[in-house]
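Hello,

Here is the structure I said I would pass on. My notes on what was found in it follow below.

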Amino acid sequence: MSVKRRSSASPEAPISRIYEVRNAETLRDLCGPHHRHLQLLETRLKEFGLRAESQGGGVLLVGMAEGVSIAEAVLAELERRLRTGMDITDMDVDGALEAAQTPAQSFGTFRGLKKPVTPQTRGQSRYIDLLAHPDNAMIFGVGPAGTGKTFLAVAAGVSELLTGARQRLIVTRPAVEAGEKLGFLPGTLEEKVDPYMLPIWDSLRELMGQEQMERRMARGEIEVAPLAFMRGRTLKNAFVIVDEAQNTTIPQMKMVLTRLGRDSRMVITGDPGQVDLPGHQPSGMKHALQILADIEGVNVHTLTAADVVRHGLVSRIIDAYAAAGEG
């Protein structure tokens, strides 16, 4: 990829550049169906007067210099994703825009994964920095659904397991259901809670593959279990993830935090706005965030609706509930 620059003499006047794309199929996918991706670029960057038009062999970008530069960075990122075999969606365009407007910075990387993991928002970039640094022994990842807080924590844990930095990956969550009753389901507690672990299984399969996941589970290197199974244990040389932590009680949170053993790290993820504890019990996560805020070695990272990478409607729904006083 190369960029031809045709800039005007005055920095205040609109400039034009052609972002070259030599492959016709790549250009078509980059522009999107009916040039939807280019239309999104124009809408998101309208403050810069941006115009984006498909031309033979590239995309013509016209507008203020800053807007054109941002659009170039977005197109470069989308083209990179296309080369990896990804399909481009509106969310990818918005994620690339968010990244392009973030000041240049390095972010941590996860090694050894089946597929590369890169931040799609500014908040995710800072979260990955925390997760990738081995000296951060305890991290709270707080935020609404769709911000990647659990998936990125699993990616960090899988990376440390595959590279030998930790001997085990342990993922646990409280057996609290969102308006449903586990007691009416057949089987043991472990069997009852297993369906609630499906997002974790999906993430593991995506990041390391089914075969390797099953092999490491058989060797006891990967454990996904209800929070009750953590009591009385000391978790040594492990990467521990406490998922859906907003549904822990205060005693449960104290119990699991004090399981941290030598050479271990722990990531606690949850959405304080979605507490499903019965009887209006106080959330152990909310309590921990209050009393541990100034404790050295405890890192708290908050993701927001701006970091949601699901359907664009999700972040607007989150904002609407927040405005109504619900979470």
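The axes of helix α10 (residues 250-257) and helix α11 (residues 284-291) cross at roughly 65 degrees and come within 7 Å. Axes here are lines fitted to C-alpha atoms, for helices over the stretch in contact, and angles run from 0 to 180 degrees between N-to-C directions. Helices (H or I, at least four residues) and strands (E, at least two) are DSSP runs numbered from the N terminus. The crossing of α10 and α11 is right-handed; a crossing has that hand if the near helix is turned clockwise from the far one by less than a right angle, and is left-handed if anticlockwise. On the α10 side, I250, M253 and L257 meet G284, M285, H287 and A288 of α11, where contact means heavy atoms within 4.5 Å. By class, this contact has five nonpolar, two polar and no charged residues. Ala, Val, Leu, Ile, Met, Phe, Trp, Tyr, Cys and Pro count as nonpolar, Asp, Glu, Lys and Arg as charged, and the others, Gly among them, as polar.

The model is predicted: local features need pLDDT of at least 70, side-chain atom pairs count only at pLDDT 80 or more, and totals for chains, interfaces and linings use all residues. Residues are numbered from 1 along each chain as its sequence is written, and side-chain values use heavy atoms, with hydrogens and water left out.

The protein chain has twelve helices and ten strands. Of its 327 residues, 46% are buried, meaning under 20% relative accessible area, with exposed over 50% and partly exposed in between (1.4 Å probe, protein chains only). Among contacts in the chain between residues at least 6 apart in sequence, 68% join residues at least 24 apart.

The crossing of α2 and α4 is right-handed. R36, H37, L40, L41 and R44 in α2 meet D90, V93, D94 and L97 in α4. This contact has four nonpolar, one polar and four charged residues.

Within α2, the buried residues are H37, L38, L40 and L41. Seen down the axis of α2, they fall within an arc of 155 degrees, so they line one face of the helix; the arc is that of the directions from the helix axis to the C-beta atoms. Their cover includes α1 (24-31), β3 (51-55), β4 (58-63), α3 (65-83) and α4.

M213 lies in helix α9 (residues 210-218) and counts as buried at 2% relative accessibility. Leaving aside neighbours within four places in sequence, M213 is in contact with W201, L204, R205, M208 and I222.

Two backbone angles are worth a look. Most residues other than glycine have a negative phi. H34, which is not a glycine, has a positive phi of about 55 degrees. H34 sits in the loop between α1 and α2 and is exposed, with a relative accessible area of 74%. E244 also has a positive phi, near 50 degrees. E244 is in the loop between β8 (238-242) and α10 and is partly exposed, at 25% relative accessible area.

Regards
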